[in-house]
Amino acid sequence: MFKREFPSLNAAPSILGFGLMRLPTKGLLSKIIGGIEKSQVVLSNIDYEQGYKMVDCAILSGVNYFDTSWIYHAGKSEAFIREALKKYPRESYYLADKMPGWEVRNPADAERIFAGQLERCGTDYFDFYLCHSLSKGSFKKYERFLLDILIQKKKEGKIKRLGFSFHDDAENIGAIADAYPWEFAQIQLNYFDWKAQNAKLQYEQLFKRNIPVIVMEPVRGGSLAKLPQRAEKILKGAQPDKSAASWALRFCMSLPGVAVVLSGMSNLDHVRDNIETAQNFAPLNESEQKTLWAAEAVYRGKTVVPCTGCRYCMDCPHGVDIPKNFELFNEHTVFKVPISDTEWIKRQQKELGAAAASSCKSCGVCEKHCPQRIKISKWMGKIRI
């Protein structure tokens, strides 16, 4: 497994990291939303059996970096990785977790959450720990008291390396990067967002400060693994035996300063394909870069809603499955499903039921949590017309 050495990290993480936000799920879980019982697919219902196979395959192939969070899979991701990794020596892998600053009102909340994370993960320390989803506004809480708490945890040995994940305008990353001697930073980076969300500037700001980069959303929530036919044809014409996802991963892995590229894998095929890319990694050459940008131009012309399916917007107080609505809408638009818009909307309503866009009340609660800053209410209005 390809690795890059970073003296400042005093660690050798695999270039491919296992993101634990999109684990396989099964079954339905009944939830109470707004006092009304509604049945929907819930991401907390992790398929442990399949998940174990994926983790085992990853570790046996050289993956040693696992990234979880307090909120992933409705709080169940941490408990899953505890069970999945307990048969492996603790020193054989790196475990990354994050402080959900938006849930912290006072120091006691931070202490409670951090202690809960250690317990959920079944560990005494985190190899990598992040201030989760920082922006210019949210960082103010860290400046007041949260950062001091995490620095103390680091002194106690409960955090080995302290970093942050960033979700804000690219121009704001420099001030946060200069606020503390961070050991790493995590940003959304892929060949589409290189331009669309100015990931290029975010990367350059970190690189010039010698802050190792952890990449999230390299395949943009899976959308770069399933390209429009014209874009797919461009990539297949250059390398018929390689997946679209492998091109996306190699783009990120080719950037100097990138320590880990996190892939939110959902099945064993994803794991195997990503491992093959990382184990046989070769940076994109000039010809391949031109090919990739040609495919990106086609994709950029087709993409409608820039949703990555991260589900930070969920749960909707009115029961709307926001990411699923966007997924279906994008599929209809990008892949030109041969039915009229009216007929598509009827099918969408039938498939999602009460979770369809028609249930949206434009309350705006979701928009406060969207890392992509999507005007969700506006788009829901278009989808339900």
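Helices (H or I, at least four residues) and strands (E, at least two) are DSSP runs, numbered from the N terminus. The structure is a predicted model, in which local features need pLDDT of at least 70 and side-chain atom pairs count only at pLDDT 80 or more, while totals for chains, interfaces and linings use all residues. Residues are numbered from 1 along each chain as its sequence is written, and side-chain values use heavy atoms, with hydrogens and water left out.

**First stop: Ser-165**

Select strand 7, residues 162–166, and find Ser-165 within it. Ser-165 is buried, with a relative accessible area of 1%; buried means under 20% relative accessible area, exposed over 50%, and partly exposed in between (1.4 Å probe, protein chains only). Next, display Ser-133: the side chain of Ser-165 reaches the backbone nitrogen of Ser-133 at 2.6 Å. Contact means heavy atoms within 4.5 Å. Leaving aside residues up to four places away in sequence, Ser-165 touches Leu-130, Cys-131, His-132, Ser-133, Leu-134, Gln-186 and Met-216.

**Second stop: helix 4**

Select residues 139–155, which form helix 4, and centre the view on Phe-145, where the helix has a kink of about 60 degrees. The bend at a residue is the angle between axes fitted to the seven residues ending there and the seven starting there. Among the buried residues of helix 4 are Phe-139, Tyr-142, Phe-145 and Leu-150. Gly-157, which follows helix 4, has a positive phi, near 85 degrees.

Select helix 1 (residues 48–60) and helix 2 (residues 77–85), which pack at an angle of about 60 degrees with their axes 10 Å apart. Axes are lines fitted to C-alpha atoms, for helices over the stretch in contact, and angles run from 0 to 180 degrees between N-to-C directions. Helix 1 is therefore oblique to helix 2; angles under 35 degrees count as roughly parallel, over 145 as roughly antiparallel, 65 to 115 as roughly perpendicular and the rest as oblique. Show the side chains of Tyr-48, Gly-51, Tyr-52, Val-55 and Ile-59 in helix 1, which meet Ala-79, Phe-80, Ile-81, Glu-83, Ala-84 and Leu-85 in helix 2.

**Last stop: helices 9 and 10**

Select helix 9 (residues 244–253) and helix 10 (residues 268–279), whose axes come within 10 Å and cross at roughly 40 degrees. This angle makes helix 9 oblique to helix 10. The contact involves Ala-245, Ser-246, Leu-249, Arg-250 and Met-253 of helix 9, together with Asp-273, Asn-274, Thr-277 and Ala-278 of helix 10.

Technical notes: Polar contact = N/O pair within 3.5 Å; in protein donor to acceptor, adjacent residues only side chain to side chain.
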